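Me: I have a model open and want to learn how to read its features. Let us go one feature at a time.

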Amino acid sequence: MPVAFLLSLLGAAFTSWSAWGNAIDLCFTAGCTIYQDTTIAGISVWWIGTAGFGLLALLAVVGRPGLALFVSAVALLLDCLLLLLLAVTSPCVACVITGIFFALTYAAFRNAAADLKRPPSRSRLLLFWSFLLVANLLNVVRSEMGTWAMKEAADPNIKFYFSPTCPACQEGIRAFSGRTDVSFYAVSKNEQETLLIAAMKHAVQRGASMAEALRRAPEAPVPTGASLYVPDMLLLRFALLRNKSYALNAGGGVLPLVEYLGLPQDTLFRAPRVEHKAPASPHADAGLPVENAEPSQCGGNAPCP
């Protein structure tokens, strides 16, 4: 079983390399940070994977295809559970690569254990694993594409998601315009807003501030006909879809969506007033802030006109 033996050795080499901390950063997703140092009973999962591949290589050497097939099937089933966990949390590229080695090794042992007079039947386990692999790969693509910033700060402290026709968003753009620590992300609700965003994008590319781009957008020439579907417009529509999807998931459809990276140093968070008298109602908590400001927003239960 030379193919299965070689694949097992490659899998063991990769997992041990990952356990020692590889010099090449193959893992670039959030899942890598989450699962890189995972242990079971104090043992790194990478060393457990190395032991699994080592056992498969030993079974290939001693010529036990049936037992090797069973062990590789158990390993692949466990990897399916891991891929399912990654699909619903965050993908880990190094974990996916390890799973590919387990799948290839399992396929090699299936070929070795099959009757030489007829080809092996189609494996449902491999089909299920392949489905989970595709789901993780799509998740990797989605997480790496992220959202599109009309104007991106080099080191942002605030991410501002806005709609060009939302009065609260317009107020926020005028307030944040000119700041070097704010990244602006446009969200389009209809075709009219898409055209306004396209005009704002061109103004920003020519050096205008966000406030100037917002003011000039309604005065810009409106594209018509085939110009609505040129590559630049199609790419913009795709970027706006990504932004809209993120804003809907993160903010529930309410704009503007303001994300602070860190604790804002302003009056949004103020120390609670300590009062010694009894609370006004049995449900009140004297430790909570006394005043709750009503946010200015578009969408939700009270959309802007």
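Me: In which kind of crossing, left-handed or right-handed, does α8 pass α10?

Reply: First, the ground rules. This is a predicted model; local features need pLDDT of at least 70, side-chain atom pairs count only at pLDDT 80 or more, and totals for chains, interfaces and linings use all residues. Residues are numbered from 1 along each chain as its sequence is written, and side-chain values use heavy atoms, with hydrogens and water left out. Now the idea: a crossing is left-handed if the near helix is turned anticlockwise from the far one by less than a right angle, and right-handed if clockwise. Here α8 passes α10 in a right-handed crossing.

Me: At what angle do helix α8 and helix α10 pack?

Reply: Axes are lines fitted to C-alpha atoms, for helices over the stretch in contact, and angles run from 0 to 180 degrees between N-to-C directions. Helix α8 (residues 191–205) and helix α10 (residues 231–251) pack at about 110 degrees, their axes 11 Å apart. Angles under 35 degrees count as roughly parallel, over 145 as roughly antiparallel, 65 to 115 as roughly perpendicular and the rest as oblique. So α8 and α10 are roughly perpendicular.

Me: Which residues in α8 meet α10?

Reply: Contact means heavy atoms within 4.5 Å. On the α8 side you find E191, T194, L195, I197, A198, K201 and H202; they meet D232, M233, L236, R237 and L240 in α10. By class, the contact of α8 with α10 has six nonpolar, two polar and four charged residues. Ala, Val, Leu, Ile, Met, Phe, Trp, Tyr, Cys and Pro count as nonpolar, Asp, Glu, Lys and Arg as charged, and the others, Gly among them, as polar.

Me: How do helix α1 and helix α3 pack?

Reply: Helix α1 (residues 2–20) and helix α3 (residues 45–62) pack at about 160 degrees, with axes 8 Å apart. That makes α1 roughly antiparallel to α3. The crossing of α1 past α3 is left-handed. Residues of α1 in this contact include F5, L9, F14 and W20, and those of α3 include W46, W47, F53 and L56. The contact of α1 with α3 has 13 nonpolar, seven polar and no charged residues.

Me: Is S123 buried or exposed?

Reply: Buried means under 20% relative accessible area, exposed over 50%, partly exposed in between (1.4 Å probe, protein chains only). S123 has 8% relative accessibility, so S123 counts as buried. S123 lies in the loop between α5 (93–113) and α6 (124–145).

Me: With which side chain does the side chain of S123 make a polar contact?

Reply: A polar contact is a pair of N or O atoms within 3.5 Å; within protein, one must be able to donate a hydrogen and the other to accept it, and residues adjacent in sequence count only if both atoms are side-chain atoms. The partner of S123 is the side chain of Y106, at 3.4 Å. The backbone nitrogen of L125 also lies 3.4 Å from a polar atom of the S123 side chain.

Me: What is the phi of A41?

Reply: Most residues other than glycine have a negative phi, and most peptide bonds are trans. A41 has a positive phi of about 55 degrees, although it is not a glycine. A41 sits in the loop between β1 (39–40) and β2 (43–44). A41 is exposed, with a relative accessible area of 78%.

Me: Is the peptide bond from L255 to P256 cis or trans?

Reply: The bond from L255 to P256 is cis, with omega near 0 degrees. P256 is in the loop between α10 and β5 (257–260).

Me: How many helices and strands does the protein chain have?

Reply: Helices (H or I, at least four residues) and strands (E, at least two) are DSSP runs, numbered from the N terminus. The protein chain has ten helices and five strands.
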